[in-house]
Amino acid sequence: MALQAAGRRSLVDTVVDALRSQLAAGEWPVGSRIPTEHALAEQLQVGRNTVREAVRVLVHAGMLRSRQGEGTFVVSTADPGDIMRGVQRAGIRDVLELRIALEAEAARLAALRHEPADLARMRAALDAQAGFADAEGQPHAENLELYADHDIAFHMAVVEAAHNAALTATYGWFSSSVREALVTALDDGAMPRVSHGDHRAVVDAIAAGDPEAAERATRALLEKPKRAVEALLAAR
């Protein structure tokens, strides 16, 4: 199936539309891995760079998610753009409240359903995050974005360990808002410091197969910044 750019539309846009249509048609179900760049380039008769850029667009849109060394997986077969735009306008407190609702349940399920690879991804994300922090575990000012990326990778790994496709898709749509709120909080001296011990407590509870402890640890981790935001709002 050869594709041609129409008018002022770029070939990347055309490939994005083609992939979005295949996703909407259910060609690749949620949780499945899409074909390789090489296979898609041959199918659509375009260059691999064009496919790579189109896939990046759909990853950013929350329809796909890339895992290093594993491939690209389907998060949603519907474009969540409208949902994302609404959530991105929400305040940090709203984001934290929704995070608690989603992540506490994800951690509880992860304690019951996780696999060894899930724990490895959580620990790898925390180890990578530590590389962008100072001796006290706090991010260097010039590394806030990278520090936030690894934090999101950790929380996404927890959600994925629940092995619930709907939960993973919902959190995938929401993750850009989580990152935006996190970067804002990290740059705000009035917000509490990030506790790596609290993050490790979540992993430990999941690894121990204790759903109640995993849920409690996740709530404890996220309640701290939520209380700080509420205090700041009350002082306005």
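Which residues lie nearest the centre of the second largest pocket? I opened my notebook with that one, keeping in mind that this is a predicted model.

**Entry 1: the second largest pocket.** I found Gly31, Arg67, Glu160, His163 and Thr168 nearest its centre, out of 16 residues that line this pocket. I looked up which elements give two or more residues to this lining, and they are β1, β2 (71–74), α6 and α8. Helix α6 supplies the largest share, with 3 residues. I then sorted the lining by type and got 6 nonpolar, 4 polar and 6 charged residues. For the volume I noted about 270 Å³.

**Entry 2: where it sits.** Next I wanted to know why this second pocket lies between domain 1 (11–78) and domain 2 (90–235). Both domains give residues to its lining, so the pocket lies between them.

**Entry 3: the largest pocket.** Here I wrote down a volume of about 850 Å³. I listed 28 lining residues, and those nearest the centre are Arg65, Ser66, Asp149, Ile152 and Ala153. Two or more lining residues come from each of α3 (48–60), β1 (64–67), α6 (116–130), α7 (144–160) and α8 (165–186). Which element gives the largest share of this lining? My answer is α7, with 8 residues.

Terms used: Residues numbered from 1 in each chain as written. Predicted model: local features only at pLDDT ≥ 70, side-chain atom pairs only at ≥ 80, totals over all residues. Heavy atoms only, no water. 1 Å grid on protein atoms, 1.4 Å probe; cavity = no way out; pocket = protein on both sides within 12 Å on 5 of 7 lines; lining within 4 Å. Points joined across faces, edges and corners; volume = space filled by probe spheres on them. Helix = DSSP H or I, 4+ residues; strand = E, 2+ residues; numbered from the N terminus. Nonpolar A, V, L, I, M, F, W, Y, C, P; charged D, E, K, R; others polar. Domains from an automatic or database assignment.
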